[in-house]
Amino acid sequence: MPPTKRLRSVSRTGAPAIAPPDGPVPEDPTFETTMSTAQAYRGQPAKRFVADLAQRIALAGDLAERLETALHEAVANAIIHGNLGLSSPRQDDLDRCVAQEAVIARLLERPDLSRRTVTISARWTASEIELAVQDEGHGYSEPPETPAEQGRGLFIIRTIADHVATGDDGRRLAMRFAR
Amino acid sequence: MFDVSLSENDSVATLSGQLTFSDHGTFRDMARHLVASRSGRLVIELGGLDFIDSAGLGMLLLLREEASAAQRAVALRNAKGQVNRMFAVSRFDTLFVVEP
């Protein structure tokens, strides 16, 4: 799949932005949406994005479900570990998890953090779809290697996507799926 | 999101909608209520749950730990669609009693 040189369409609202399925198919088709961290946390961006994508291309079998599941995990990581800058917590009891959620709520009250964006993009060919999630956090210099460091979310992504790559010093995660 | 009912044999919590990373507080309340109940097995009824993420899977694992500390077993019942496939990916059948 060639690198994206330009964006055919950009939707910041999630509204359909390119030709409907029965219209002409643009070459190098792409679709992108950007939202604030606060919007991403409080909404259901993965569900919405995949529903919008399904208006543009056929998602056969369980592909829509796999895309939504992987995208949800990638967006959660972009919010929590990317834009809010939280390291993976020790989630060894429910009280600690609830405390972590309270920390997230406090960080989302900071305009400098809550306004950081999360961008979801899709591009596709006849044989595969690539979804990418880009955040505006500090990234990391060395990608985590062990399953414990990667977290359960990245494990899920690596299990259900056909190929996963990180970029932009950890601020971008790209996931490919065969169509 | 959840409803708890107690019978002579089982303590049943019914989950619906989604179970994701912003549901820890609600889930903890449900889990504590369930583990504190006196009757039988702990059963999580999942027929109405449409979507679960990695955090939701983690919550179920932590419920299992709390139940185990109280000598209670946890059964996951009636998972469908995406939830069922997430259980398969995470090999939950080796950790819980999984019932159709």
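Biologist: Among the contacts in chain A with a separation of 6 or more, what percentage is accounted for by residues 24 or more positions apart?

Modeller: This is a predicted model, and in its chain A such residues account for 64% of those contacts.

Biologist: Which elements make up chain A, and in what order do they run?

Modeller: Chain A has six helices and five strands. From the N terminus on, the order is β-α-α-α-α-α-β-β-α-β-β.

Biologist: How many residues does chain A have, and what percentage of them is buried?

Modeller: Chain A has 179 residues, and 47% of them are buried. Its accessible surface comes to about 9100 Å², with 51% of that belonging to carbon and sulfur atoms.

Biologist: How many residues of α3(A) are buried?

Modeller: Of the 21 residues in α3(A), 17 are buried, so this helix is largely enclosed by the rest of the structure.

Biologist: What is the general idea behind a nonpolar core, and which residues have the most contacts inside the largest one here?

Modeller: In soluble globular proteins, nonpolar side chains tend to be buried together. Here the largest nonpolar core has 75 residues, and those with the most contacts inside it are A:Leu71, A:Leu131, A:Met175, B:Phe27 and B:Phe87. Helix α3(A) contributes the largest share of this core, 10 residues.

Biologist: Which residues are in contact with A:Leu131, leaving aside its neighbours within four places in sequence?

Modeller: Among them are A:Phe49, A:Leu53, A:Leu67, A:Leu71, A:Met175 and A:Phe177. Two of these, A:Leu71 and A:Met175, are also listed with A:Leu131 among the residues with the most contacts inside the core.

Biologist: Where is A:Asp169, and is this residue buried or exposed?

Modeller: A:Asp169 is in the loop between β4 (163–167) and β5 (172–178) of chain A. Its phi is positive, about 55°, although the residue is not a glycine. With a relative accessible area of 53%, A:Asp169 is exposed, the cut-off for that class being over 50%.

Biologist: Where does B:Asn78 lie?

Modeller: B:Asn78 lies in the loop between β4 (74–77) and α3 (81–89) of chain B. This residue, although not a glycine, has a positive phi of about 70°. At 22% relative accessibility, B:Asn78 counts as partly exposed.

Key
Residues are numbered from 1 along each chain as its sequence is written. Chains are lettered from A and ligands numbered from 1 in the order in which they are written. This is a predicted model: local features need pLDDT of at least 70, side-chain atom pairs count only at pLDDT 80 or more; totals for chains, interfaces and linings use all residues. Side-chain values use heavy atoms; hydrogens and water are left out. Buried means under 20% relative accessible area, exposed over 50%, partly exposed in between (1.4 Å probe, protein chains only). Helices (H or I, at least four residues) and strands (E, at least two) are DSSP runs, numbered from the N terminus. A nonpolar core is a set of buried Ala, Val, Leu, Ile, Met, Phe, Trp, Tyr and Cys residues joined through side-chain atoms within 4.5 Å. Contact means heavy atoms within 4.5 Å. Accessible areas come from the Shrake-Rupley method with a 1.4 Å probe; for residues, only the protein chains shown count as cover.
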